[in-house]
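The report that follows goes through a structural model from its overall make-up to the contacts between its chains. Please keep the sequence and the structure in view while reading.

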Amino acid sequence: MSCWETFQAYGLRSIGYGERLLPRTDFTLCEQFTLIGSGLIWNIYYGVLALTIGFFLAIALAVAKASDNLWVRKPAEWFIFVFRGSPLFIQFFLAYFLFLSLKQWNSIFDPFTSAALGALIVLFLNTAAYSGEIFYGAFRSVPRGDVEAADAYGMSGWTKFRRVIYPTMLRLGWPAYTNEAIFLFHATTLVFFSGFPAWQQKGDALYYANYFADKTFNPFIPYPIVAFYFVLLTLAVIFVFGRINVRLNRHLPQERRQRMRVRPQLIR
Amino acid sequence: MFGFCEDPSTLSNLPWMACYLTTGKQFLFYGSFLTVLALIFITAPVALIFGFGGAMAARSPILPLRWFGKIYVAMVRGVPDIVYFMFFVIALDQGLEWIRHQIKCPDWDAPIRQGNDFIVCAQAKLPLSTSPQVWHEVYNFSLAVFTFGIVFGAFAANVLYGAMRAVPRAQMETAEAYGMTPRQSFWRILVPQMWMYALPGLSNLWMILIKATPLLFLLGVEDIVYWARELGGSANPRFTAYPHPDWRLWYFIGLLVFYLAFTRVSEIVLARITRRLSHGQGTLGGVRQGKAA
């Protein structure tokens, strides 16, 4: 099989198109690159969706945590504490078994036991908690003068939040949020090792790498391939978030702009 | 355990639970918590040493060593840590067996990699197939510790490298002015001062380490996740005196509570240490403390 044919057969294997059977013997480099790359579709799916939906919950959580109202603040604090204080791996297991028991009670919960939906929900809640904490920190460091200026202009409530607090909060929290996004993408590799079944061997990049390593007893090819793909993915995330960062800071003088610094501070 | 546990099927709820929670298998589950704690408390110093070495290498004047250090420091930024976990466990195992193979069976002429197999002579196997089960477990555990050490060493190297650069330049210049050699100024000026800058990062790392311990399960160690899955699965009355439906949800809720408690306690302790260490330091926290006093 030529490499192009391999690509046609396995390029979309992880989402169920192409050849049904995975290669079993005589693994070529091309097969490993194609299949692991195909698995990356799932990592991107989880990462992009969880980040997009999680962003809104994160903002809500940050505002709730900074609220003066006890009934709003406490739930947000607990939510953030539970998801940040426990390992994501355990959360995956817990959610899977929870959905399994719910499924017996009512068949509405059938799709939740699949990796595509169940794991996405866990990742969404998890990233919302981590980013919520980041934005809460940013919320608290919004300069006092900005808020006072908004008050002086007669803004209040929603207008003040939307025009003054929210943009500044986003700008201040953005470098840390970029970090969070990178590590969320990394965390997506845990999904298929944590209870959620890979139906018909449709798995993510690490799932296929693990498949090859198990079959060939040779970790030196598949894992570096995953590493290569993830470095590319990380660079892409840094690029996209960097562009947004530039846009968020566009009104500031050049030297006061926040530099993007990637620091691994938020792995779960 | 208790005298009344002779025939569990006759017991009512509370004594049944008491008996169930004290069976031998349950004690293996409780013991696995010690495995996790052992892993954390062994890995933390190992990782710190690796990290220190890595950070020192990254600052070294010798070019290849500096490259090595920089690569080690940057290693964890782009690639998920779990990839390293899965990679190093197999790679270390095969590396050790390969070295032993070279030493113990020099006249072995068949290739080690035959197609999809990795074949070394029987004497080079680690641990030897004749050794008792305990050694297999100890070997697996040490591999896991070493793997954790390498990966978290890289995280720590990252933190310490940053901390070494955060020590004010003027301090090092003063050391030079006093005629200290680079080695002296490193050990006497830089290292004592960098801990304050490293502490936030290191406490973060501690939390990450705690939360990474369930990954032991993927490295083939019988840890709490393994036992929670094993014991929580529905137990058939044919095989056990304590039949129960699928309780994995409850077991994992237990694990969740364990981790939440552990991270919460760590958070409180680390906050105390930070307050202690910033006492009398020329940082914002220290200055604020001084004013308050």
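Predicted model: local features only at pLDDT ≥ 70, side-chain atom pairs only at ≥ 80, totals over all residues.

Two residues are taken to be in contact if their C-beta atoms, placed from the backbone, lie within 7 Å. By that criterion, A:Ile90, A:Phe93, A:Leu94, A:Phe97, A:Leu98 and A:Ser101 of H4(A) meet B:Arg248, B:Leu249, B:Phe252, B:Ile253, B:Leu255, B:Leu256 and B:Tyr259 of H9(B).

## Make-up of chain A

The secondary structure of chain A amounts to nine helices and zero strands, and the pattern read along the sequence is α-α-α-α-α-α-α-α-α. The C-alpha trace of chain A spans about 75 × 50 × 25 Å along its principal axes, and of the 268 residues in the chain, 44% count as buried. When contacts in chain A between residues at least 6 apart in sequence are considered, 73% of them join residues at least 24 apart.

## Confidence in chain A

The mean pLDDT of chain A is 88, with 95% of its residues reaching 70 or more. Among the elements of this chain, the lowest mean pLDDT, 84, belongs to helix H1 (residues 3-10), whereas the highest, 94, belongs to helix H3 (residues 70-85). Over residues 264-268 of chain A pLDDT stays under 50, and for this stretch the model has 18 contacts beyond four places in sequence.

## Helix packing within chain A

Helix H2 (residues 29-65) and helix H5 (residues 115-140) of chain A have axes that come within 6 Å and cross at roughly 45 degrees. The crossing of H2(A) and H5(A) is right-handed, and by class their contact has 19 nonpolar, four polar and one charged residues.

## The interface between the chains

On the chain B side, 34 residues are in contact with 34 residues of chain A. The elements of chain B that give two or more residues to this side are helix H3 (63-78), helix H4 (81-104), strand E2 (117-118), helix H5 (133-166), helix H7 (182-212) and helix H9 (248-277). H9(B) provides the largest share, with 10 residues, and the residues of the side of chain B that touches chain A divide into 23 nonpolar, five polar and six charged.

The pairing of helix H4 (residues 88-105) of chain A with H9(B) brings their axes to a separation of 9 Å, at an angle of about 150 degrees. Because angles over 145 degrees count as roughly antiparallel, H4(A) is placed as roughly antiparallel to H9(B). The crossing of H4(A) and H9(B) is left-handed, and the contact between these two helices has 11 nonpolar, one polar and one charged residues by class.

## A lysine in chain B

Where in chain B is B:Lys25 found? B:Lys25 is part of helix H2 (residues 24-58) of that chain. A residue is buried if 20 or more other C-beta atoms lie within 10 Å of its own, and exposed if 12 or fewer do; B:Lys25 has 13 C-beta neighbours inside 10 Å and therefore counts as partly exposed. The C-alpha atoms of B:Lys25 and B:Leu231 are separated by 7.8 Å, although the two residues are 206 residues apart along the chain.

Notes. Residues numbered from 1 in each chain as written. Chains lettered and ligands numbered in written order. Helix = DSSP H or I, 4+ residues; strand = E, 2+ residues; numbered from the N terminus. Axes fitted to C-alpha atoms, helices over the stretch in contact; angles between N-to-C directions. Left-handed = near helix turned anticlockwise from the far one by under 90°. Nonpolar A, V, L, I, M, F, W, Y, C, P; charged D, E, K, R; others polar. Parallel < 35°, antiparallel > 145°, perpendicular 65-115°, else oblique. pLDDT = per-residue confidence, 0-100.
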